[in-house]
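Please keep the sequence and the structure in view while reading.

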Amino acid sequence: MKLKDLGFWFRDFWAEFRREGSGLVGLALLILFLLVTIFENPLLPFKEANTRWRDITYWQDNPINAPPVWTNLFAAKKAARTANLERGTRQELTNAEGETFVTESFVYHFKADKAPLDIIVHSTLAGSVPLTVEVQRPDGTTLQISQRYVEYDSPTPVRFSVNNDSKDSLFAFLKLHEAQANLSRISSGSIRSTEILFNKAREGMAASFESLKGDYRFTIKAQVLNREQFSMDDTRLVVTGSVSGLLGTDNMKRDIFSGLVAGLKWALFIGLFTSAVSVLIGVFYGIMSAYFGGIVDTIMQFIYQIFVSIPLLPVLIVVSAVFKPSIWFLIGVMVIFFWPGSVMTVRSMAFQIKEETYIEAARALGAGHRRIIFNHMAPLLIPYSFASMALSVPSAIVYESSVSLLGLGDASIVTWGQILHDAMLGNAILNGLWWWVIPPGLAIAIMGMTFAFLGFAMDRILHPKLRTR
């Protein structure tokens, strides 16, 4: 088929395809998926989600099992949202005693009805540094919530958690306002620091939370003892809210939306690569079976019957359990069992094509088997395999998800099946964590629907017997 002929074929195909409503819907969804894959990095809230999906330290600042932020729209009391404050106000001050301090201040505007789960300070420090963390509340009270001394020869990341490291300081603040009778029932270890910090100062604040809304100024103050050794860089503040992200978090504090975006390219790759390779193998297998005929066709059909009668899922489960599972291994096994899907359709069409006069003419002119198969028969039959290719994509995605759901998938990559497997292990359904189960399940269903729409539309166009017009 020449390039000009291919152009004519595509124009005729598009004229028919655009009349298929389901096909256009499938095409629009496929384009959307491809755009998300292309622009994955800007869309990812957590840029290293692909490489550090199972690294607990990467997600440590997120809340655990937090619902999506938009659930606040349906809640009577609004929860604090997770926020990252990366740009503070930096100053260098010298007091009357000649001591030099470097400060970094962050303003957090608190407007929720529920306190954040934690406030986390990150910085990279070097040298011998007395470090103080202070917070100025909207009511004018200034609290020193942490004081420590760090000593590092080289720049080293430092992490400070208000909820874990400020219990004693905030319990001392609580004792200034709470009745002694109430204090006897609690201790510094039993309080949640943020519920004291963001609470109105009053008697009874230990028993109930009343939101003190307004601007909270957090100041990280480092004393400079040795100018040549001292450094304080990359200081930032993380507010860990009880709602987080577009799709919430799981029990390892991972952002579900980042997992879905990172897994999209693998779903497309698994589906498209597996279906393309298996359908091409099936097309040429069917052509050769019909072309050579006789004993060759009998033997090839016997082999075909063996493969088509073996159930794939049990085979995938067994081989994944026996061998080390990898994405390439799973794709290879699926290709081995997917190729019979298009054989019989192509074989029946190839029987008709090989009797055409131009095939007889090619033989008379001395054309070999390879030239006839690849130059005359395959170009006519490959376009008809596109429908089979599209229809086999959902099967490949579902099979990989099924194997991953059982814990036998490739754990080194992020796939939707892996997310569902972790949700199953984390008892997501029993714990009411619907945002951990529904989004990946829905994504698999929509991906399957996309290629099913494309496949059915192409089937009606490319196979004349299915035409209704």
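Helix α9 gives the nonpolar patch its largest share, six residues. The patch covers about 770 Å² and is made by Met288, Phe292, Ile295, Val296, Ile299, Phe302, Ile303, Ile306 and Ile310, and the elements that give two or more residues to it are α8 (256-292) and α9 (294-308). Patches are built from residues with over 30% relative accessible area and no salt bridge, like charges being joined within 9 Å and nonpolar side chains (Val, Leu, Ile, Met, Phe, Trp, Tyr) within 5 Å. Accessible areas come from the Shrake-Rupley method with a 1.4 Å probe, and for residues only the protein chains shown count as cover. Helices (H or I, at least four residues) and strands (E, at least two) are DSSP runs numbered from the N terminus.

## Basis of the model

This is a predicted model, in which local features need pLDDT of at least 70 and side-chain atom pairs count only at pLDDT 80 or more, while totals for chains, interfaces and linings use all residues. Residues are numbered from 1 along each chain as its sequence is written, and side-chain values use heavy atoms, with hydrogens and water left out.

## Pockets

The largest pocket has a volume of about 590 Å³ and is lined by 21 residues, of which Tyr58, Asp61, His122, Arg236 and Val238 lie nearest its centre. Strands β4, β5 and β7 (231-240) each supply at least two residues of this lining, which by class has six nonpolar, eight polar and seven charged residues. In this scheme Ala, Val, Leu, Ile, Met, Phe, Trp, Tyr, Cys and Pro count as nonpolar, Asp, Glu, Lys and Arg as charged, and the others, Gly among them, as polar. On a 1 Å grid over the protein atoms alone, a pocket is an open set of points with protein on both sides within 12 Å along at least five of seven lines, a cavity is a set where a 1.4 Å probe fits but cannot get out, and lining residues have an atom within 4 Å of a point. Grid points are joined across faces, edges and corners, and a volume is the space filled by probe spheres set on the points.

The second largest pocket holds about 390 Å³ of space, and Phe33, Phe257, Leu260, Trp416 and Ala443 lie nearest its centre among the 16 residues that line it. Helices α2, α8 and α17 (434-462) are the elements that give two or more residues to that lining. By class, this second lining has 16 nonpolar, no polar and no charged residues.

## Cavities

Strand β4 provides the largest share, five residues, and the lining divides into six nonpolar, three polar and one charged.

## Salt bridges

The structure holds 16 salt bridges, each being a side-chain nitrogen of Lys or Arg within 4 Å of a carboxyl oxygen of Asp or Glu. In one of them Glu40 pairs with Lys265, the closest N and O atoms being 3.1 Å apart. Because Glu40 lies in helix α3 (residues 40-43) and Lys265 in helix α8, the pair ties together parts that are 225 residues apart in sequence. Glu40 is buried, with a relative accessible area of 10%, whereas Lys265 counts as partly exposed at 24%.

Arg202 forms a salt bridge with Glu210, with the closest N and O atoms 3.4 Å apart; Arg202 counts as buried at 19% relative accessibility, and Glu210 as partly exposed at 35%. Elsewhere, salt bridges that share partners join Arg54, Asp250, Arg254 and Asp422 into one network.

Note on methods
Buried means under 20% relative accessible area, exposed over 50%, partly exposed in between (1.4 Å probe, protein chains only).
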